[in-house]
Amino acid sequence: MGSLETNGATGLSDLQFFNIIDGKARSSKEHHRVVDPRTEELLWDAPVATTKDLDDAVEAANRAFKTWKKTTTAERQKAVHEVANVLLENVDVLTEAQMKETGKSRPMSKFDVERAAWHFDFYRTVALEEELQYEDDTVRIISTYAPIGVLGAISPWNFPLILSTIKVVSALATGNCVIIKPSPFTPYSLLKFCELAQSVLPPGVFQAVNGGADLGEKMTLHSGIHHISFTGTIGVGQRILRNCTASLKKVILELAGNNACIVCDDVDLDKVVPQVAIGALFHAGQVCVASKRIYVHESIYDEFLKRFVEESKKFSIDDEHSVSFSPLSNKVNYERALGFIDDCKKKGYNIVTGADFKPRDKGFWIPPTIVSKPPEDSLLVREEQFAPIVPVMSWSSEDDVISRANLDNAGLGASVYTPDLSRARSIASRLESGTVWINQFERPHHAGFFGGWKMSGFGGEMGKQGLLHYCHTQTLQIDKTE
């Protein structure tokens, strides 16, 4: 497993990482190394899987599926509970690996490991059951649920453990086998998690192969993989969907969320401003459902903006123990974020805080940057920034703000703040988003179905309903006339 003793030559914990194939750790001739986003220092060697590694993993998964699909619900629930225990028993090792690869603080990274365990524990007691659809004197119609086969899970870099364990536990709980590919920006925590999970799972049921976009492409085209679950950008999601049409693979896509936050005129600013700040700035805005566009009623706009700027100062870039703020997780996203700031400056937009930012010598840090009333056709409003760069606009008409909120790339989530629940429900019903949070900042709950609309996704996962997307439905029509 490795230890957390520090290697004197590198200053890193003494950890090693492997592809996990058919229950065994497998090294590779080729390796790559990720940099720590806080310091830009090189981290551990990560193996790069070959085409043969992938083929071997697919063969092992299909072999394991023959047995795993026959397990009972109770047996699988016992297994996912044991995986949850593996996560919690190894929280220090997994926290260390994820902290280094993502740039998160230790408290934030530890919370992610614990949250990942919650996902497994939730399905210890939640499962799909046979469902009576219809019955009369002549026929009884029942829906039953069967696993699809081998899942290829392609994971993101912002929450590598939390978002990946959703895919893994959903597959295992429904009788599927899973091969996971971490993001090349964050390979360590997932490879280590998969290695540790082998102690409680049969060989081939849960495997991990590490590599770049070329390996993910091969997974989407592989005839031995029957189902793909991907979290990432719209462009890559569209390519995956095209690839999967050849073999009619089942597909789940969680894509961009240019999410709108609507603040009504009747809110208590003492309560709402801190909530909105967390929703927009937690983990430097690198959250799929973060508030990417904030719309504040014109009657409270000035006071809200003043308080929001003050609240943003609590998200320090110097505090290594901060639970809530981080550097940008990789250089690609950092440079993309700088492009948003440059565009705002060139267009002369009103940057009320963060305009004097100067890049550091080391680390991908950007402080909270708030832009007042950029135009609706600006880059910052039209595109998901995935960074702590927040546009704050005003509104007066509900019909108008809802129209502005409902962009094609804004179908993942939204939030509405008003103490009038009827008004909140009315606004929410007109928002074209898979999830709407009312009087709380945006965070998916493991018990609630989560899926994007329009350009923000295809299918979904989480909650009991999410398991349906990891299954075939079989209808039994039973004759009652004899």
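**The cavity, the pocket and their setting**

Tutor: Let's begin with the lining of the largest cavity, which by class is made up of three nonpolar, two polar and two charged residues. The residues in question are Ile 252, Leu 253, Glu 254, Phe 450, Gly 451, Gly 460 and Glu 461. Please keep in mind that this is a predicted model. The volume of the largest cavity is about 40 Å³, and the structure holds one cavity of 30 Å³ or more.

Now for the open space. The largest pocket contains about 880 Å³. It is lined by 37 residues, and those closest to its centre are Trp 157, Phe 230, Gly 232, Thr 233 and Val 236. Sorted by class, the pocket lining comprises 17 nonpolar, 13 polar and seven charged residues. H8 gives the largest share, with five residues. As for how such spaces are found, rolling a probe the size of a water molecule over the atoms shows where empty space is left.

The protein has 15 helices and 20 strands, and its C-alpha trace spans about 75 × 70 × 40 Å along the principal axes. For 482 residues, a compact globule would have a radius of gyration near 23 Å, and the protein agrees with that because its own value is 23 Å. Of those 482 residues, 58% count as buried. The accessible surface amounts to about 19,800 Å², with 51% of it belonging to carbon and sulfur atoms. Looking at contacts between residues at least 6 apart in sequence, 73% join residues at least 24 apart.

Is Thr 144 buried or exposed? Thr 144 has a relative accessible area of 12%, so it is buried, the cut-off for that label being under 20%. Once neighbours within four places in sequence are left aside, the contacts of Thr 144 are Glu 130, His 472, Thr 473, Gln 474 and Leu 476.

Terms used:
Residues numbered from 1 in each chain as written. Predicted model: local features only at pLDDT ≥ 70, side-chain atom pairs only at ≥ 80, totals over all residues. Heavy atoms only, no water. 1 Å grid on protein atoms, 1.4 Å probe; cavity = no way out; pocket = protein on both sides within 12 Å on 5 of 7 lines; lining within 4 Å. Points joined across faces, edges and corners; volume = space filled by probe spheres on them. Nonpolar A, V, L, I, M, F, W, Y, C, P; charged D, E, K, R; others polar. Buried < 20%, exposed > 50% of the residue type's maximum accessible area, 1.4 Å probe, protein only. Contact = heavy atoms within 4.5 Å. Helix = DSSP H or I, 4+ residues; strand = E, 2+ residues; numbered from the N terminus. Rg over C-alpha atoms; globule rule 2.2 N^0.38 Å. Areas by Shrake-Rupley, 256 points an atom, 1.4 Å probe, with all protein chains shown as cover.
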